[in-house]
Amino acid sequence: DSRRASSQCTCCSSHWHLRSNQLPRPMSEENPAAQALLDGSASRVLMQQTYTATGDGSLLDIWCHFTTRGHQGPVQAVQASAEADFVLTAGVDYTVRIWKFDYRFEAYDLVAMVAYEAPPKFAKLPKTFMGTLKGLFSPDIGGDEPPKTFCERLKDVISPKKVEWDKEARRGITAIACACSRSGGCNVAKVATDETQEEQAVRRTGPVLTGDAHGDFHAICLSNAEGGNKALHPLLGLHQSAINDICVAPTYPDEDRTGNSFLVMTASDDGTSTLLSLVCKEAPPLQFTNHKVVDYNGVLELFCCGGGGRAAARTAIQETLEEEGMAEQSLELVSITTIATCPHKDKAAVKSVRHLGDHRLSDRATFATCTAGGAHLWTFEGKLLMTLTINTMDGGTKCFDYVTRQYAKHKVEVKEYSGLASVSKYNGSLLFLEGEGQVGVWGLERGKVGTRNPCGGLDYDDEHWAASLKSAAGGSSGMPPLCVYQRAGSLLDIDQSGSSTDFAIQLQQDGDTASMWSLEAIEPGLLVVDPQGPSSLLITPGKEHTFLELHHGVEVHGMRVVEDPDGPALLSGCRDGSCMAWDLEGGDAGQKYADMRSLCSLEIVLPPILLIVTAVQMLSFAFGPAVPWKEGVKKPAEKYHMAMMLDFEYEIDKEAIFWPEMYIICSVIIFFQISAAVGLAQMVDAVVHNVDNWACFKPGSSCEVCRRPFKKVANALSGAVYLIMQLLSTVLVVPMMQSCAKAVNCHRPDGVPFTDIILGNPQNNIYLIQAPTVMCYQGAHAKLMLVLFLIVPMYLFFMVPFAVVAGDATYVPVATLYSFKDWRLAAARKATCVHLGFLAPRPSQAFLGLSVELGAKIILPVVSTLTTTMPMLQMVLITLTLLTSWMTSIMYAPFVERKFCVMAQDMKLVAVCATVSGIFAVYLDDPHSDLPVYAMCVSISAVLVALLVKLIMIPAGRPFVRKFEAFRGATGSSPDEEAPLLDEKQKVRDLARDESAEVAK
């Protein structure tokens, strides 16, 4: 049998190769890195401790957690689990951070991190803001550098030094991968087309594999997170220099249908790749809980009456318990064995490695690596089959001409390649190789590269494949690509779905924009007969087009296309230490749905400040000029109300600016409506996307030099459109509605019949309060009222979907403009993009809360302007509006954390108490009475005291993050005195080492 059969002993000492009855690379003197795993001389101890930044559990500690949970420095590699419920990031700070999708918050939050012991040269990283602030009063003592003075430390706090990472030596964790498989022996690609197998197969998440800038390889096993020590299996010195990439692939041999074994290949700067074998076993599921469950007291619940009441409290607990039970099955590492070291003939740095399918035949390609010299195909045993390049020996590439049905020479010569991408499906695989603005594509079937036949199809027969292998062994270059696309960029990746290959994605030369371009000429579902392979659906070169661009706003260092339950998504590791997740399919394609990073101090301070400012603004409506407060209160209260409404007294005559103001207001409203209806923001983005598709800007054209300046202008125009749409749907709503209300606020003197309004003010005695020289309901004013009657309702309708996403036009494409369901989804996505912890809004209530807030912004300025002469009606309407807002927050909790919920609810209740006291003042109609003032002070004081008691009694949800520290040495101790991992099985390892040595002899 030409297939590989393996047998694993009970310990991690040997991995037998039954075909040759020997160990391919046993744990012996020939493999010092693997030997180090056994004798413990270079092993690392993995310790666990509860982490919230410093570990004291105080409010300052929670602040430190949210401001330091992201990487300190660039994220160099990203990856995700099988269902994308876990996201893995690796950074220059020698940490691996695990982000879990929190179902309560519907956002990713940090749940675990592994901190490696950095070499002394790189041990000291630039301090964060909180670390610098602490160092202001507790300076570092010792070290090579002299201690800084207080002024120098204060300068570091005010203007911290920025690290130029491009000039720094390479450091940190440079590659990361996650071992994932399906139980039942089902190929992942086949399962996508078989619903029965999909129901039977269970996705499992196994060890996390990492490689650093010093050539060390580690396998991290965090299964059974609630108990004991965690496994860290190191292969120190596996490579002589940095590990650039790690590719892990599950194997499903006939004798083992569990999917518990994996093949792993690394890519290193030392010009070699190492092929490893991993064997795992089933383990308890990963149970990472971000926040501890809080038990609610019935008396406290009755007293507080916040967060949605008792039902909401039970729902919160139920959601947390459901979250704990939703963890998928996991795998625990049993052994890791080196199969072969794969040197590359050109001895150039190996930039990336990809998997080509589960093929266990000695003449089939299983892995592909990329160096500057091309793509190298390897078998599962580590044997080099051939090297693929876009160039042939005579300086060109033979590509198939779809018109003449013959091969023709490609004119562009590629001298250096930068990366590759691959995807394996049920009917074949695709391999993409990029370099110098060219992307070559090869089609594979069961590990054999296809060749063109005279009819233009692909042949995968054994004779052609054997002849190609013989020719490659003789020194000639590999097989020519099927086609070559002219696409400049880096970090190439492609669609990983099991049914189609719809797109490829590259990072553009600016370093912060990822462009998606089409690959499929037709969808597979439109064909009567299934295509021969995924290569049969590729679009003709020159016909592909860029249809989406993702602007990160920061330099991107790593990208990976993953599949989550909703479809394809892109993970991007950025220079600022953040990891972004982008939706790549459907009507919300191009939207960022997750931003895994640290929060800045402003993001933590701003929500409470905005909450207080909003409450103070609502409170100001109780002190309008129509309310007869006591003389000592009325004058300062009116100034306070005018300041909150931004209605200041100017020396300029308001009558002189009335018509220019109305022209501007109407023009802006019409612009907003047109922009929303036609999707102006998306149209400008389309122009930016199509710059690369225009023939005049293609490489080699006469206008190529104008492409970058034109694109900068288009990007600036796009940013301006997005900013205008955001302002018109958020901060400018109140002043615009107040201006519209003033434009129709006319004064009708006593004795003038109401019918004069209908007749058009025939006696010219009804005038505009804002501009007394303007006669109402006639001439220019009648036309203005007609225009406002037509445009304001449509403006309010279009404003709703923008207001519920804070004015971000990215979340409101034209296709969702008239869909109420899509409005709710967009509001929830915007609210959960960043995990805000105790400040996080409840996703299910995000749309309702923002809609009610928008309604209050529209109603309050209109009511306060149009009912100036009717104080009782004015105060009743304002009170009803604020009461509705407060009752909505009580019935539907606006925030996940109850501590912040009661704060938001009681601040609204303060405004209600003030307006009720205003009604009392209007009812008494006595400017000398102190009763309304006393009633307001007593009610507001009672609410504030109750709020203070709630904030003290209700416990705050505290982040619960597991931090694992890896120290060099065979033994170690952790702050919580947990036992080391490797000491427990030292005797077993010693016995295994002796048996391995005997076998090697």
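How many aromatic pairs does a search of the whole structure find? The search finds 15, where rings of Phe, Tyr and Trp (its six-membered ring) pair if their centres lie within 6.5 Å, and planes under 30 degrees apart count as stacked, over 60 as edge-to-face and the rest as tilted. The model is predicted, with local features needing pLDDT of at least 70 and side-chain atom pairs counting only at pLDDT 80 or more, while totals for chains, interfaces and linings use all residues. Residues are numbered from 1 along each chain as its sequence is written, and side-chain values use heavy atoms, leaving out hydrogens and water.

**View A. Aromatic pair of Phe658 and Trp659.** The two rings are edge-to-face, 5.1 Å centre to centre with 70 degrees between the planes. Phe658 has 1% relative accessibility and therefore counts as buried, whereas Trp659, at 24%, counts as partly exposed. Buried means under 20% relative accessible area, exposed over 50%, and partly exposed in between (1.4 Å probe, protein chains only).

**View B. Aromatic pair of Phe798 and Tyr818.** The ring centres are 6.2 Å apart and the planes stand at 65 degrees, so this pair is edge-to-face. Phe798 lies in helix 17 and Tyr818 in the loop between helix 17 and helix 18, so the pair ties together parts 20 residues apart in sequence. Helices (H or I, at least four residues) are DSSP runs, numbered from the N terminus. Phe798 is buried at 4% relative accessible area; Tyr818 is exposed at 55%.

**View C. The largest nonpolar core.** A nonpolar core is a set of buried Ala, Val, Leu, Ile, Met, Phe, Trp, Tyr and Cys residues joined through side-chain atoms within 4.5 Å. Of the 73 residues in this core, Phe658, Phe672, Leu788, Tyr795 and Phe802 touch the most other members. Helix 17 supplies the largest share, ten residues. Apart from this core lies another, of 28 residues, including Ala637, Ala856, Val910 and Ala914.

**View D. Surroundings of Phe672.** Not counting residues up to four places away in sequence, Phe672 touches Met725, Leu728, Ser729, Tyr795, Phe798, Met799 and Phe802. Contact means heavy atoms within 4.5 Å.

**View E. Helix 19 (residues 846-866).** Its 21 residues reach 31 Å from first C-alpha to last, close to the 30 Å expected at 1.5 Å a residue, the expected span being 1.5 Å times one less than the number of residues. Among its buried residues are Phe847, Leu854, Ile858 and Leu860. The cover over the buried residues of helix 19 includes helix 10, helix 15, helix 17, helix 18 and helix 20.

Technical notes
Helix = DSSP H or I, 4+ residues; strand = E, 2+ residues; numbered from the N terminus.
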